[in-house]
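Subject: Structure handover

Hello,

Here is the structure for your set. My notes on what was found in it follow below.

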Amino acid sequence: MSPTRQTVQHPFKAWKFLVIATTKPVDVFKVLMKTTLIFCIVASISLVSFFSLSSQSRWFGCPQCDRRFGHSAYQKITDGDVGRLGYERTNISHILFGIGGSTATWSERRRYCELWWKPNVTRGFVWLDEKPAENETWPETSPPYQVSGDTSGFKYPSWSGSASAVRIARIVKESFELGLENVRWFVMGDDDTVFFTENLVAVLARYDHNQMYYIGGSSESVEQNMIHSYNMAFGGGGFAISYPLAAELVRILDECIDRYYLFYGSDQKIHGCISEIGVPLTKELGFHQVDIRGDPYGFLAAHPVAPLVSLHHIDFVQSLFPSMAQIESLKRLVRAYEVDPGRTLQQSICYDFSRNRSVSVAWGYSVQLYPSLVTTEELETPFQTFQTWRSWGSQPFTFNTRPMSQEPCERPVIYFLDRVQMTGINGQTLTTYERLGFQPEKDCNQSHYAPLVAVHSFNVSAFQLRPESWEKARRRQCCEVVDGTDGVESVVQVKIRECSHGEILSPASKVDTNGGAAS
């Protein structure tokens, strides 16, 4: 083992090195500055490139950029951003309708579609199974038509489905593939579906059209939902599919339709395919399949607190208004809707404590007058004037009902809409509801009922319901019976208004409209 070598360092060597290394601080500073400057330039170029590519379609209106990546060619914003960013809200021009029809039925059913279709305003097509006859002039009041593609290659057993179900299921795909610009929503319906388009817009405007949404309603009859699905949007009532969901759906639709070839209807096939994408149904109570039979009065006179979006199966129920042809009764309802879309069929309940009466108003349709103070819970429950769709039975339905007594003295006096008008520039409306002529076999002739029979009409005043009202927490509006100064008992004046703070609807106490309650 060699001896350890000891190294003796000069005490000033380290100091000498430090002195030499720091003799040129200016050069070191220049190197640091150049390095920092290069880093900042590279980072700036990267950031500018990133934001230019990701925001090009939003800020510079490049629809091709979005389409290149398979997204909607419209602004990537939600309606909640409209006020802040200055973009327009969802409106009727953003909706593309796909109506399932046929050449055999269109001449009869076009009258329903033409109630709501507005040429040069609404967008979409009625999809036919074949081209109309050469000598047939297509009505200008109808939607333009398209002829569906050949579906003979798809599977469908004759005992559980039909070729028309496949054809109609593909309407959303064929509509998407038209490549029309500025489409946020694809809305499907039947040729006998009556849409209330302004309310449809109000409903869809509440949702972010850049997300995947499947919006519609279930059947009113439990038996129908059990046979098909509680989670399915029934096609006759109409349903809406957002652009991003449609883009995903069209990729798989044809092969998916074959997977669900045993499903009976087009709407059931669509639901099966959307389920594979993983998007659930968002239910809106204003879409109405109208899977009922008989008299729809009770169903319509106690509408849920939701905008009326659609009515279907009109040919399978009695006339909405007595003694009128169905198409004429629909025209009367539509006239009211055109004056105040959001308020149509909305129920308001009020009490006339001085006369011990209850009043229920279904705006634009009907008024019920009761000879006693009836609870709000009972008044908001529909009279069962109808039967189930499939079995014509008395139950069950997907909502509560109450029986309409066979005893005239236990029924309310019913009034139907006669006319509607605007009364000023401040958005106030006046609707008049008339009672049918005296019918001894139907009216109660007891003395306590006589004052009600003497009332032959109601005048109901209200301010137009703004579409924005549906974006807030929902609450039924209140009403009050206004005593006339002329003492005439044959006409009752009712005023619909927003409920006051602290106001409740209860027959147990007289409510002070200033917010308090007095017994």
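Two strands are said to pair if DSSP finds at least two bridges between them. By that rule strand 2 (residues 123–128) and strand 3 pair, in the parallel sense, over three bridges. Val-126 stands opposite Tyr-145 in strand 3. Please note that the model is predicted.

Overall content

The protein has 519 residues, and 50% of them count as buried. Its secondary structure comes to 15 helices and 23 strands. Taking contacts between residues at least 6 apart in sequence, 67% join residues at least 24 apart.

Strand 18 (residues 428–435) runs antiparallel to strand 19, and seven bridges join them. Thr-429 has Ala-462 of strand 19 as its bridge partner. Strand 21 (residues 491–497) runs parallel to strand 19, with five bridges between them. Here Ser-457 has Val-491 of strand 21 as its bridge partner. Strand 19 is largely enclosed by the rest of the structure, because six of its seven residues are buried.

Nonpolar cores

The largest nonpolar core has 75 residues. Those with the most contacts inside this core are Ile-95, Phe-97, Tyr-365, Tyr-433, Phe-458 and Val-494. Helix 13 (residues 326–339) gives the most to this core, namely six residues. A second, separate core has 32 residues, including Val-172, Phe-234, Ile-241 and Val-250. As background, nonpolar side chains tend to be buried together in soluble globular proteins.

What does Val-494 touch, leaving aside residues up to four places away in sequence? The list is Cys-350, Val-361, Phe-458, Asn-459, Val-460, Ser-461, Cys-479, Glu-480 and Val-481.

The largest pocket has a volume of about 890 Å³. It is lined by 39 residues, and the closest to its centre are Asp-190, Tyr-264, Gly-265, Ser-266 and His-312. Several elements each supply at least two residues of the lining of the largest pocket: strand 1 (95–100), helix 6 (163–169), helix 7 (171–176), strand 4 (185–190), helix 9 (222–227) and helix 11 (266–277). Helix 6 has the largest share of this lining, with five residues. By class, the lining of the largest pocket has 14 nonpolar, 17 polar and eight charged residues.

The second largest pocket has a volume of about 730 Å³. Its lining has 25 residues, of which Arg-411, Ile-414, Phe-416, Leu-436 and Lys-442 lie nearest its centre. Strand 17 (residues 413–422) provides the largest share of the lining of the second largest pocket, three residues.

Regards

Methods: Residues numbered from 1 in each chain as written. Predicted model: local features only at pLDDT ≥ 70, side-chain atom pairs only at ≥ 80, totals over all residues. Heavy atoms only, no water. Core = buried A, V, L, I, M, F, W, Y, C linked by side-chain atoms within 4.5 Å. Buried < 20%, exposed > 50% of the residue type's maximum accessible area, 1.4 Å probe, protein only. Helix = DSSP H or I, 4+ residues; strand = E, 2+ residues; numbered from the N terminus. Contact = heavy atoms within 4.5 Å. 1 Å grid on protein atoms, 1.4 Å probe; cavity = no way out; pocket = protein on both sides within 12 Å on 5 of 7 lines; lining within 4 Å. Points joined across faces, edges and corners; volume = space filled by probe spheres on them. Nonpolar A, V, L, I, M, F, W, Y, C, P; charged D, E, K, R; others polar.
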